[in-house]
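Please take a look at the sequence and the model below. A short report follows them.

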Amino acid sequence: STNDPAAFPAAIASLAVTGGSIYVPPGSYLLDTVTLTAGVNLFGAGHNSTILLQNTITAAGYGTLFADSGSASSYIDGIRIADLTINGRVATLAFSAQNHLVALNGVRNCTIERVQLLGFRGDGLYLGSGLTGGVTIRHNFNVTVSNCIFDGVNKENRNALTVIDATQLLVTGNLFTRCCKTGSGVAGIDIEPDSLTATQLRDIVIENNRFTDIGASAAGMFAINFSVIGQSQVT
């Protein structure tokens with residue numbers, strides 16, 4: 001009955017050694033940044049039933065849900081996020097390019113399924129290589145994003161899905177709609193390495209997704225943006 005940002009970190013901390021499942025019952029939960037650890041299966045009762053409301057994120061590049069492995073040689077294994085809504089409240093809190101809903105850096109064997117990413121202010125989902133582009137390198141391996149809804153609500157957002165670094169990424173069965181601020185957002189899905197000599201983009205499959213009402217002027221549905229001079233590692 002009471003919004004409690006401390007409850008989520010406490011639940012995750014209780015599973016920090018072995019991992020495990022955290023069920024979030026129906027309701028709305030006002031959250032600051034929650035850091036996910038290895039093996040955490042965070043799931044709710046479904047779209048518009050379990051709702052995580054964005055309050056304050058830790059700093060630029062973070063999200064309401066966040067993970068960072070700490071180095072290029074380590075991973076956070078086995079995160080799963082499912083069956084809930086994450087609402088960035090963009091209509092109230094306004095556009096903020098580096099304020100994401102979910103930001104993951106250095107994850108492996110990660111699944112995001114049946115999640116509604118609603119009203120994001122920056123990116124809905126950011127698969128990054130660290131908090132400082134091209135400097136703090138992390139790698140993401142074997143990530144699946146399936147049957148999710150990316151709904152920017154008012155097009156005052158950056159990208160629905162940004163991929164800075166990923167090997168074996170599957171994006172399937174998702175809806176991308178009402179997103180991307182003209183002049184700031186690029187696409188429903190933006191593949192954009194921070195460094196073509198350090199970040200990795202390999203074995204990426206994007207299939208059976210639907211794009212509607214994407215408002216960016218640069219690309220629209222999908223963009224591959226090699227803005228850094230160097231040798232491409234896309235295969």
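## Confidence

This is a predicted model. Its mean pLDDT is 88. Of the protein's residues, 88% reach 70 or more.

Residues 226-235 call for caution in reading. There pLDDT stays under 50. For this stretch the model has 24 contacts beyond four places in sequence.

Strand E6 spans residues 63-68. Five of its six residues are buried, so the strand is largely enclosed by the rest of the structure.

E6 pairs with strand E3, which covers residues 34-35. The sense is parallel, and the pairing runs over two bridges. Valine 34 has leucine 65 of E6 as its bridge partner.

E6 also pairs with strand E9, residues 100-105. This pairing is again parallel, over five bridges. Here glycine 63 is bridged to histidine 100 of E9.

## Aromatic pairs

The model holds five aromatic pairs. One of them joins phenylalanine 176 and phenylalanine 211: the ring centres are 4.9 Å apart and the planes lie at 10°, so the pair is stacked. The cut-off for stacking is planes under 30 degrees apart.

Phenylalanine 176 sits in strand E16 (residues 175-179), and phenylalanine 211 sits in strand E19 (residues 210-214). The pair therefore ties together parts that are 35 residues apart in sequence.

How do the two residues stand in accessibility, and what does each count as? Phenylalanine 176 has 0% relative accessibility and so counts as buried. Phenylalanine 211 has 22%, so it counts as partly exposed. The limit for buried is under 20%. Ring pairs also bring in Phe150, which forms a cluster with Phe176 and Phe211.

## A lysine over a ring

Lysine 181 lies over phenylalanine 95. The distance to the ring centre is 5.4 Å.

## Glycine 128

Glycine 128 belongs to strand E11, residues 125-128. Its relative accessibility is 0%, so glycine 128 counts as buried.

Which residues does glycine 128 contact, leaving aside its neighbours within four places in sequence? They are Leu104, Asn105, Gly106, Arg138, Asn140, Ile164 and Asp165. Threonine 199 is 71 residues from glycine 128 along the chain. The C-alpha atoms of these two residues are separated by 9.1 Å.

Terms used: Residues numbered from 1 in each chain as written. Predicted model: local features only at pLDDT ≥ 70, side-chain atom pairs only at ≥ 80, totals over all residues. Heavy atoms only, no water. pLDDT = per-residue confidence, 0-100. Contact = heavy atoms within 4.5 Å. Buried < 20%, exposed > 50% of the residue type's maximum accessible area, 1.4 Å probe, protein only. Helix = DSSP H or I, 4+ residues; strand = E, 2+ residues; numbered from the N terminus. Pairing = 2+ DSSP bridges. Phe/Tyr/Trp six-rings, centres within 6.5 Å; stacked < 30°, edge-to-face > 60°. Lys NZ or Arg CZ within 6 Å of the ring centre and 35° of its normal.
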